[in-house]
Amino acid sequence: MSQVVAGGIEAAYREKFRSSAQLYERGCRVFPNGVTHDGRYLRPFPVYIDRSEGSKKYDPDGNEIIDYWMGHGSLLLGHSHPAVVEAVVRQAPRGTHWGANHELEIRWGEWVRKLIRSAERVRFVNSGTEATLMALRLSRIVSGRRKVLKFAGHFHGWHDWLMPAADAPYDTGNWRMPGVTEGVLSDLVVVPPNDLEATSRAIDEHQPACVILEATGGHWGMVPMRGDFLRGLRKLTEEKGVILIFDEVITGFRVSPGGSQGYYEITPDLTTMAKILAGGLPGGALAGRADIMNALEFDNPHGQKMRHPGTYNGNPLSAVAGAAALEVVATGEPCRRANELGRRLRAGLNELFVQKSVNWIAYGEFSMATVLPNYDGPPSSGDDFIPCDNSLTQLDRKIDPVLTHAFRCALLLGGVDFFGWRAMLSSAHTEEDIDRTIEAFSGAIDLLRADRLIP
Ligand code: PMP
């Protein structure tokens with residue numbers, strides 16, 4: 001097979017992850033590119049996982065890997081948290097799908113209501129994508145309006161309505177996407193993040209049904225949105241009578257037990273959730289104002305009902321896993337711990353980057369971290385610091401894929417799996433994990449230099 005990453009890194013990677021190379025060959029005969037999620041694609045091949053526990057996952061060759069994917073952000077409590085495992089193991093023989101109402105879904109929904117300040121009513125779905133899809137349809141029914149306003153660089157799942165304008169480049173203003181029709185695009189209004197005036201003008205011009213945003217900024221804070229903007233947006237949408245949707249699929253139960261809205265004490269009209277919500281099993285939810293959510297009810301005052309089926313809505317396994325996870329989250333300790341470790345990781349990485357004279361910077365908030373390569377601005381002054389004056393096009397830009405793949409492989413050689421250039425922490429990570437991660441970064445920088453991929 002031809003070399004696809006870089007000399008030294010690729011050779012060592014092929015040597016260390018032999019079983020994964022074999023599995024990838026099999027996988028490629030089944031799946032396009034051998035993967036079941038675009039983000040899991042890695043050249044020359046992805047690492048396959050066999051089991052996991054706490055902050056670690058293990059490949060079939062027995063290599064231990066400190067994990068910063070954490071189930072795409074769903075595992076705030078770490079892999080296989082005992083409370084979640086016990087709930088699932090106890091439930092499985094009692095039934096995985098009753099096609100009926102059950103107390104477990106009520107218990108799960110009650111946790112959501114208890115923790116999420118906007119959640120007067122809740123409806124379970126199966127993913128974040130479904131939750132944002134439902135939020136839009138409901139907003140259209142209740143407002144009688146058609147358009148949707150989103151922010152450039154905000155990701156809300158992969159359905160047609162919100163996938164456009166989720167990824168760089170942004171400076172072209174062309175949001176066409178293969179397979180998404182012009183009709184759908186004509187109902188989408190895209191506004192630059194952190195610009196209240198532009199948002200206000202766009203609301204006046206387009207009269208949208210709703211405004212949706214990622215509740216700490218695009219791609220979970222890669223381009224941060226903080227309290228002042230969020231509060232300003234709440235005030236603006238209230239004044240203009242537009243439904244405000246906080247997408248808390250990532251931030252819900254992570255930033256604080258009450259999500260970003262709990263942390264900033266802002267009450268949106270609707271909230272979308274998934275991931276931590278279901279304790280690492282598939283699940284999602286839309287929650288919000290009772291007088292909006294009642295468009296799901298038969299004979300509601302809007303005169304139109306939003307029809308909502310869904311085979312796996314509120315299924316017993318996700319319900320027990322979710323309720324078990326939320327019960328632990330409600331103590332506040334997992335968020336506090338993961339946030340503390342996030343700070344330690346960001347600070348440790350920035351120290352290392354200075355020490356190794358590499359032009360990278362780590363930034364982020366809460367239990368999320370981003371590493372930005374090719375950075376030439378001032379050093380970080382702590383967690384309030386946002387590089388590049390929070391510029392969308394500088395913080396969220398296409399990075400050379402050869403460097404990106406080599407970087408991940410180089411880190412994996414040091415026993416660390418970063419979420420691309422990013423990291424999601426859990427309460428199961430330890431100080432030792434962070435120290436080992438910084439060592440792995442040091443080794444990866446040396447390898448990238450040896451392969452002449454970074455100066
Ligand atoms: N919204 C946000 C903010 C997300 O990050 C994601 C997924 N990463 C989604 C929605 C879609 O969630 P799902 O993958 O469960 O469909």
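**Ligand site**

I started at lysine 275, where an N or O atom of the side chain lies 2.9 Å from a nitrogen atom of the ligand. The protein covers 81% of the 390 Å² of accessible area that the ligand has on its own. I keep in mind that this is a predicted model.

I looked up two further polar contacts. Threonine 129 places a polar side-chain atom 2.5 Å from a ligand oxygen. Glycine 128 uses a polar backbone atom, 2.8 Å from an oxygen atom of the ligand.

Next I listed the surroundings. Ser127, Gly128, Thr129, Phe155, His156, Gly157, Glu214, Asp247, Val249, Ile250 and Lys275 surround the ligand.

**Aromatic pairs**

I found 17 aromatic pairs in the structure. One of them joins tryptophan 69 and phenylalanine 419, stacked at 4.2 Å centre to centre with 15° between the planes. The two partners are 350 residues apart. Tryptophan 69 sits in the loop between strand E3 (64–67) and helix H3 (70–73), and phenylalanine 419 in the loop between strand E14 (416–417) and strand E15 (422–424).

I checked burial for both. Tryptophan 69 counts as buried because its relative accessibility is 7%. Phenylalanine 419 has a relative accessible area of 16%, so this residue is buried too.

I then took phenylalanine 407 and tryptophan 421. Their ring centres are 4.0 Å apart and their planes meet at 5°, so I noted the pair as stacked. Phenylalanine 407 belongs to helix H16 (residues 401–413), while tryptophan 421 is in the loop between E14 and E15, 14 residues apart. Phenylalanine 407 and tryptophan 421 are both buried.

I also traced an aromatic cluster. Its members are Tyr68, Phe353, Trp360, Phe407, Phe418, Trp421 and Phe441.

**Charges over rings**

I looked up two cases. Arginine 422 lies over the face of tryptophan 220, 3.7 Å from the ring centre. Lysine 305 lies over the face of phenylalanine 298, at 4.7 Å from the ring centre.

**Backbone entries**

I found a cis peptide bond between arginine 43 and proline 44, with omega about 5°. Proline 44 is in the loop between helix H2 (18–28) and strand E1 (51–53). The bond from alanine 168 to proline 169 is also cis, with omega near 5°. Proline 169 falls in the loop between strand E5 (148–151) and helix H7 (182–185).

I then looked at positive phi values. Serine 80 has phi near 50°. Its loop runs between H3 and helix H4 (82–91). Serine 80 has 44% relative accessibility, so I wrote it down as partly exposed. Glutamine 207 shows a positive phi of about 45°. This glutamine lies in the loop between helix H8 (196–206) and strand E7 (210–214). Glutamine 207 is partly exposed, at 39% relative accessible area.

**Single residues**

I checked asparagine 63 in the loop between strand E2 (56–58) and E3. Asparagine 63 is buried because its relative accessibility is 16%, under the 20% cut-off. Its side chain reaches the backbone oxygen of lysine 16 at 3.1 Å.

I ended with lysine 235, in helix H10 (residues 227–240). Lysine 235 counts as exposed because its relative accessibility is 55%.

Definitions and conventions. Residues are numbered from 1 along each chain as its sequence is written. This is a predicted model: local features need pLDDT of at least 70, side-chain atom pairs count only at pLDDT 80 or more; totals for chains, interfaces and linings use all residues. Side-chain values use heavy atoms; hydrogens and water are left out. Rings of Phe, Tyr and Trp (its six-membered ring) pair if their centres lie within 6.5 Å; planes under 30 degrees apart count as stacked, over 60 as edge-to-face and the rest as tilted. Helices (H or I, at least four residues) and strands (E, at least two) are DSSP runs, numbered from the N terminus. Buried means under 20% relative accessible area, exposed over 50%, partly exposed in between (1.4 Å probe, protein chains only). A charge sits over a ring if NZ of Lys or CZ of Arg is within 6 Å of the ring centre and within 35 degrees of the ring normal. A residue is near a molecule or strand if one of its heavy atoms lies within 4 Å of it. A polar contact is a pair of N or O atoms within 3.5 Å; within protein, one must be able to donate a hydrogen and the other to accept it, and residues adjacent in sequence count only if both atoms are side-chain atoms. Accessible areas come from the Shrake-Rupley method with a 1.4 Å probe; for residues, only the protein chains shown count as cover.
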